[in-house]
Amino acid sequence: MDITLLTTVTAALFVLIGMAEPLATRLAVPYSVFLAVMGILIGVGAIFLLQTELTDAFNPLAEFILGLPIRSDVFLYIFLPTLIFQSTLEMNIRRMLDDWVPILTLAVVAVIVATLTIGYALAWVSTLPLVVCLLVGSIVSTTDPSAVVSIFRSLTTPLRLARIIEGESLLNDAAAIALFGLFLSYVIAGLPAPNVGQAIGDFPALFAGGMLAGWGIARIAVWIMSMFGRFELAQTSISVAVPYLAYVVSEHVLGASGVIGVVVAGLTMNIIGPARISPVYWQRLKAVWGLLAHWAGAMIFVLAALLIPRLLDNIDLLDVALIMVVVVAALVARAAILFGVLPLLTLLRLSPAVEPRYRVAILWGGLRGAVTLALALAVTESRLVDVETKRQVGILATGFTLWTLVVQGTTLRWVIGKLGLDKLSPLDRALSNQVIAVALQEVREDVAKTTENYGLPRETVRSEAKKFARRVDDAVERAEAEDNAQILDRDRITLGLIALAGYEREQILERFRERVIGAYLSEQMLFDADRLIEGTRSDGRTGYRRAARRSLRYGNAFRLAAFLRNRLGIAGPMARMTADRFEMLLAKRLILKELGGFIDSRIRRIHGRRVAELLHELLARRTEGVVSAIEAMRLQYPGYAEKLERRFIRRTALRFEESEYNAMRDDGLIGDEVHSALMKEIAERRQKTESRPHLDVAIRRDQLLRQFPLFADLDETELRWLMRQLKTRYVNAGKVIIRKDTPARSVFFVSSGAVEQDIAGQVSRLGRGEIFGQIGVLTRKPRRAQVTALTPTSLLELDEKGFRRLLRKSPSLRKVVRESSAFKKHSEDLLKLPELALD
């Protein structure tokens, strides 16, 4: 192969890739469609140059282009892992997990339905064996993720809907390739009609093997990367190896799905990477992968499209008719999913409701691309497949891909326009007008200050000010008219809450950029902010409140961690999640305090005083909830909040110090050498603040009892007796421990966690080392209090007989009982008890 021609062609391809996106935007066609058309034109042009007698000057170039070693392995082993891995790194995993049921259902069900529909339709109208028809169905059943994602971004669809479709289009690659491998093995074996049930039954093994390989390789890679904390290039280089190792190990070692291996590897690194890698390095690593994926995605479309003229070389009218059968069957199968399965999932409350207009756009936007061509190419390259099967598979798959790209891809914007999806809703249009009005008023004030500082001529300033004032007046008039005509009171509140949640999101990102909060913590907080926005968009004020309350709850993962700590003695996950929650609550409290100023400075000017006051009220309730959660954790782990606050102060001071040094360098007060030395010193000190204070949540009953002030005066014999008598009880946050008017049979000691005690409307909170339930046991009367767990709480329970013996042995405990507020109400009866009369 001529190295000069190879270099020239490669450089030309990169020039084409660089020009493709702006040209596609100008021509109003999807980026992937433009690349595919360019590839087809290059392939057709090369064939034309070889066949024409007008000139032979370009024959070497044409022969080189047509002779490029474009094999299916290049797509499946080089380009595809890059694209999938980068997509998973960019995913918001925590939001995806909210919708894993519809994503997985649509991904698997859509591929199976499409494969069966297309396969049986082809078998019904043609003489092809059923197994070949099903092979074609599996090849063309996968949609192109990049095309689908770009479509939804252009539609400004609801975020949750976009996530579901993005996840589905990514995972259906794995399902389609898994089915393809099964049916190809049947074709090679010469089976005319495979056992479809058996083929589908092999799915779990293919998925499980890929998941195991991807998870293991990603975990090892992140562990190695964390060892090279100061070497950014080393970490990035290791990350490049991950998707390829996951693909190869899954396919050739475990015999599973390589695509699933890559997906799970990317998801695993997405989840654990930000906590193990420097935030700055993590962002740069994602930027590198973004560039790699951009190049891979473009190359895969151009190179795959080069093959289309050759794959369609011997096409006839019968082939065209069969291609149209595939087109109709694919649309019918996709429609069955969109108008059958998706509404069913919505009815079962597993998926958001999807407007029919959006479903039509998804139906017409199901473009096929490089994966379909790569799978078809793999069949045509196989020596174990007969010539006629190769020809039919190549033509049908290529023709169908060409249809989706050229017909559906080029008409997609027209369809979107006809559906009215390219227009803002009345609510969004009103919001746009309100934003413009406020922004122009801010700009007018800023321009007035700037022109005054510059000392420009008054006549010039006055003339331009009049023009700008007219524009401001027009914007305000439109905003007020739109507001009066379209926005109800509840809509004003909704718009204000969306703006407030959006500003909260910006503040989180700003704190992350300033390195006040880490990448992992910022992702969790952004996750909550996105929930606020989506909840408000769907259910207004109620949705905002629901999302705010949900952000403070203990989820299933926390309950699992508590189970591991309490039942199996594995304290690591519990300690990490508790420390994360503590730090997140402290950061939320600081950010919530800044939102009040935003309401007064921005939202009040757009939506008025009444809406601003209501938003202040909602914000106050959120702040109260966060503060309450912090205080509950302070009771649970006294002293730990102070350590985190000290760490926050140190990180904030480093941020201000860094900004000051940067300003001095920009002003020329210090040179680059001095600045570099100062930055190095700050980096070293910042590295020390990256590590979070240790939080010990392990439970060791013997040590725990010795730490209780109530048991400080017990000897070893009594402590051993007490350990045998105490029962351990674990309750989740929100669980009622003691109900009012129930018989009193036990006394409880808080070993970890926090509880809230309500006695006749008087609420008090108890934390680690405190006691409750003792008065009811001593008086033998029904409980007057209701006690609820504020956090996941561990309790030590002692029955009445044991508690009375403990009272006789422990002066400290007798003193605590006498000093309790409830004791005073029953002092006359309680002082007659022999256990309390010993002193």
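Of the 839 residues of the protein chain, 50% count as buried, where buried means under 20% relative accessible area, exposed over 50%, and partly exposed in between (1.4 Å probe, protein chains only). This is a predicted model, in which local features need pLDDT of at least 70 and side-chain atom pairs count only at pLDDT 80 or more, while totals for chains, interfaces and linings use all residues. Residues are numbered from 1 along each chain as its sequence is written, and side-chain values use heavy atoms, with hydrogens and water left out.

The secondary structure of the protein chain comprises 35 helices and 8 strands; helices (H or I, at least four residues) and strands (E, at least two) are DSSP runs, numbered from the N terminus. Among contacts in the protein chain with a separation of 6 or more, 79% involve residues 24 or more positions apart, a contact being heavy atoms within 4.5 Å. The protein chain exposes about 40,200 Å², of which carbon and sulfur atoms supply 58%; accessible areas come from the Shrake-Rupley method with a 1.4 Å probe, and for residues only the protein chains shown count as cover.

The largest nonpolar core has 106 residues, of which Leu135, Ile139 and Met269 touch the most other members. Such a core is a set of buried Ala, Val, Leu, Ile, Met, Phe, Trp, Tyr and Cys residues joined through side-chain atoms within 4.5 Å. Leaving aside residues up to four places away in sequence, Leu135 touches Phe180, Phe183, Leu184, Val187, Val379 and Val393. A second, separate core of 38 residues includes Leu497, Ala562, Leu585 and Val611.

Thr494 lies in helix 22 (residues 489–513). Thr494 counts as buried because its relative accessible area is 8%. Beyond residues up to four places away in sequence, Thr494 touches Thr536 and Gly540.

Phe231 is found in the loop between helix 11 (203–227) and helix 12 (232–253), and is partly exposed at a relative accessible area of 47%.

An open sheet is formed by 4 strands in the order 1-8-3-6, with antiparallel pairing; two strands pair if DSSP finds at least two bridges between them. Its edge strands, each pairing on one side only, are strand 1 (727–731) and strand 6 (771–772). Strand 3 (residues 746–752) is joined to strand 6 by 2 bridges and to strand 8 (residues 793–799) by 6 bridges. Phe748 stands opposite Phe772 in strand 6. Phe749 stands opposite Ile771 in strand 6, and its bridge partner in strand 8 is Leu796.

Arg729 is located in strand 1 and, at 26% relative accessibility, counts as partly exposed. Not counting residues up to four places away in sequence, Arg729 touches Ile737, Phe748, Thr793, Ser794, Leu795 and Glu797. The C-alpha atoms of Arg729 and Ser751, 22 residues apart along the chain, are separated by 9.9 Å.
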